[in-house]
Amino acid sequence: MLRAFLDASAWRPRDDLPRAPRALTILHRQAGGCDGCAMEIAALRGGAYDLARHCIRFVETPHDAELLLVTGNVTRAMAPWLMAAWNAMPAPKGVVAVGDCSIDGGPLGETYATLGSIAAVALQGFTRCDMTLRGCPPSPAEILRGLLLLAAGRVVSA
């Protein structure tokens, strides 16, 4: 068991990413869909990416978050929950859309059960996403890179 722990550094992803210039607090909400992007976020939150070193912290309440990270196609049932979380977040705040479904509806689009992208929810004061990461799903390393670029003040739309 100790050997496996010591060998963990061999499989831990190597990156040349610098620390974020400021801390990011993120509230993740899976809005619907296949959960592919949500699994990539769970992998990112795992120990392999060492988010503490990058000053990124996921929080469980909107009162502590500055970014609302949305994955999946927004369902009609989830829209009120997203609006409530957005309204409870203190200003300044932002929206991060991860994956094709949260950006433009993906393969599902707008149906009787889904609204499509995060833009279709009409959050109060929301004009555009602060970061969009395309992919079905994007890898945890791509998500981390995008968050670090966003923390550095660069616009991310990939």
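This report describes helix packing, nonpolar cores, salt bridges and local backbone features in a predicted model.

The model is predicted, with local features requiring pLDDT of at least 70 and side-chain atom pairs counted only at pLDDT 80 or more, whereas totals for chains, interfaces and linings use all residues. Residues are numbered from 1 along each chain as its sequence is written, and side-chain values use heavy atoms, with hydrogens and water left out.

**Helix packing**

Helices (H or I, at least four residues) and strands (E, at least two) are DSSP runs, numbered from the N terminus. Two packed helices are described by the angle between their axes and the distance between the axes. Helix α3 (residues 36-45) packs with helix α6 (residues 140-151) at an angle of about 75 degrees, and their axes are 9 Å apart. The α3 helix is therefore roughly perpendicular to α6. Axes here are lines fitted to C-alpha atoms, for helices over the stretch in contact, with angles from 0 to 180 degrees between N-to-C directions. Angles under 35 degrees count as roughly parallel, over 145 as roughly antiparallel, 65 to 115 as roughly perpendicular, and the rest as oblique.

On the α3 side the contact is made by E40, I41, A43 and L44, and on the α6 side by P140, I143, L144 and L147. Contact means heavy atoms within 4.5 Å. The residues of this contact divide into 7 nonpolar, no polar and 1 charged. In this division Ala, Val, Leu, Ile, Met, Phe, Trp, Tyr, Cys and Pro count as nonpolar, Asp, Glu, Lys and Arg as charged, and the others, Gly among them, as polar.

**Nonpolar cores**

A nonpolar core is a set of buried Ala, Val, Leu, Ile, Met, Phe, Trp, Tyr and Cys residues joined through side-chain atoms within 4.5 Å. Buried means under 20% relative accessible area, exposed over 50%, and partly exposed in between (1.4 Å probe, protein chains only).

The largest nonpolar core has 22 residues, of which L68, V74, L82, I118, V121 and L123 touch the most other members. At least two residues of this core come from each of β3 (67-71), α4 (79-88) and β5 (94-98). Helix α4 supplies the largest share, 4 residues. With neighbours within four places in sequence left aside, L123 is in contact with L68, L82, M83, W86, V95 and I118. Another core, of 21 residues, lies apart from the largest one, and its members include L67, V96, V98 and L148.

**Salt bridges**

Side chains of opposite charge can pair when their charged atoms come close. A salt bridge is a side-chain nitrogen of Lys or Arg within 4 Å of a carboxyl oxygen of Asp or Glu. By this rule the count is 5 salt bridges. The table gives some of them.

| R53 | D50 | 3.7 Å |

In the bridge between R53 and D50, R53 is partly exposed at 35% relative accessible area, and D50 is partly exposed at 34%.

E110 is exposed at 62% relative accessibility, whereas R76 is partly exposed at 38%.

D100, D104 and R134 are linked in a network of salt bridges.

**Local backbone features**

T132 is found in strand β7 and is buried, with a relative accessible area of 15%. T132 and A97 are 35 residues apart in sequence, but their C-alpha atoms are 4.8 Å apart in space.

The peptide bond from A91 to P92 is cis, with omega near -5 degrees; P92 lies in the loop between α4 and β5. The bond from C136 to P137 is also cis, with omega near -15 degrees, and P137 lies in the loop between β7 and α6.

D50, which is not a glycine, has a positive phi of about 50 degrees and is found in the loop between α3 and β2 (56-59). C55, also not a glycine, has a positive phi of about 60 degrees. C55 is found in the loop between α3 and β2 and is buried, with a relative accessible area of 18%.
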